[in-house]
Amino acid sequence: MTEKFDAIVVGAGPSGNAAAYTMAKAGLKVLQIERGEYPGSKNVQGAILYADALEKIIPDFREDAPLERHIIEQRLWMLDDQSYMGTHYRSDKFNEERPNRYTIIRAQIDKWFSKKVKEAGALVICETTVTDLLKDAAGKVIGLRTDRENGDIFADVVVLCDGVNSLLAQRAGFRAELKPEHVALAVKEMHFLPRDVIDERFNVKGEEGVVIEIAGTVTSGMVGTAFIYTNGESLAVGIGCLVSDFKKTGETPYALLERFKNHPSIAPLLKGSEVKEYAAHLIPEGGYKAIPKVYGDGWMICGDAGQFVNALHREGSNMAMTTGRLAAETVVALKAAGKPMTDANLATYRRSLEESFVIKDLKKYKDLPEFLHKNTQFFSDYPNLLSKAAETWFRVDGIDKKTKEGQMVRGFVKARGWRGLLGDAVKLARAWR
Amino acid sequence: MTVQIKVEDKLYQNRYRVDEGRPHIAIKDAAKCQSCTDKACTTACPAACYAAEDGGVTATFDGCLECGTCRVICQENSNIDWFYPRGGYGILYKFG
């Protein structure tokens, strides 16, 4: 293949599809390369689709996108070994004409999105692994090499949307290897149940769905969370912790997942389900400080490859689509102005990221990853303490309430000390701000 | 509570197209594994591709989920040569 493209997009996940679609729609000659058998076959997500990010790219996506359920209820649970404590937010307002969040099945949504990319005019090639970027003598990226015969392809700009590992960016020296404390390893199973069973168990009807995000002793003191998402006829059940913590504890991810599934508050929700897939994936959780330089002479980085994940809010695919779109818009504008894809010109991409929620949100929580990494008491001591306090509070056993209050307070003080409690509160508030 | 888990049972649910005879991951220097104290790859790999054996580490990558954990976790020793399988090969997620 000797023809030259305006842009080559590597990867057909949310960022790659957003980038390829936006550029193709604007009339650019776009090639997209995906290593999987079909778009989505290598990709793993919880998965929740945030409508806003996709709406900005395909406004009428609801007409034919494979959506599972729209989310009307969000549950946050804190688990100790026997209990859960939770806050739930459920509102009929989420039963709106254009719902805000949906559960999705990732392989299906990627396939759907890819079809739109093709319809927009991009050339999409699957089953092809990109092995290296090609640079000219001055170091400008001029194309890439694939594992196909005569696999060199050239373009004005290469948009790297190749996911969390982004070996291409690493090999090209654009990004360092991932730090173990900056990525979480998540494992997930797909549990199938009849639709009406899910409806009953989760107190929903029709297309309504529930999301449960879970923290606590279920991660064995490691920094991490678990989740259950309701799809139409399946539940996505997963748990993830920092890779550095897996190294430190020697825990195995599958034992962790089994323990979670067998928790007395979780097991009844999964009872009788048929498991049809077991997946694993790294999630970039280093936040703002872990974001590498995302553009240079002839190249750009979007999505997970650029560490664009808001771990606290469980937002990643929306950031992927938004960064993909903004990168594409940068290329389209430069092309229209007849300007070359140089480092200086592509810097517009970073500026538009700064103005978007992507960098604003990640900046807000810039200290949170380090804070959690260093303060694992929030995943061990506190769930136990809160559960003990709640048990003391609710158990009616002839002990007067004042004595009970004293017991509750003493429990916290004994575990953390007054200074520790105060310090935790201040540190948490600071990291949050 | 101890739970017995067979990872093979989990992996059995998945779809793979194995690139016979062309593993996409390799342990660079087996001797290095002998002196590795935690052998974190043997516990952290979600597909249990690595096993501690005779003081060293053995590996088979047919069940690999291509997550990258082993490469990241072995960073200090940098003893794992990790790349994606050839196009079309490896794990093929039905749902993801």
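A: Two residues are in contact if their C-beta atoms, placed from the backbone, lie within 7 Å. The model is predicted: local features need pLDDT of at least 70 and side-chain atom pairs pLDDT 80 or more, while totals for chains, interfaces and linings use all residues. Residues are numbered from 1 along each chain as written, with chains lettered from A and ligands numbered from 1 in written order.

The contact draws 45 residues from chain A and 33 from chain B. On the chain B side, α1 (7-12), α3 (40-44) and α4 (69-73) each give at least two residues; helices (H or I, at least four residues) and strands (E, at least two) are DSSP runs numbered from the N terminus. That side of chain B holds 19 nonpolar, 9 polar and 5 charged residues, where Ala, Val, Leu, Ile, Met, Phe, Trp, Tyr, Cys and Pro are nonpolar, Asp, Glu, Lys and Arg charged, and the others, including Gly, polar.

Within chain A, helix α13 covers residues 381-394. Its 14 residues reach 20 Å from first to last C-alpha, close to the expected 20 Å, which is 1.5 Å times one less than the residue count. Tyr382(A), Pro383(A) and Ser387(A) of α13(A) are buried, having 20 or more other C-beta atoms within 10 Å of their own. Down the axis of α13(A), the buried residues fall within an arc of 130° (taken from the axis-to-C-beta directions), so they line one face of the helix. Their cover includes three strands of chain A: β4 (67-79), β5 (84-90) and β12 (208-216).

Key
Buried ≥ 20, exposed ≤ 12 C-beta atoms within 10 Å, placed from the backbone.
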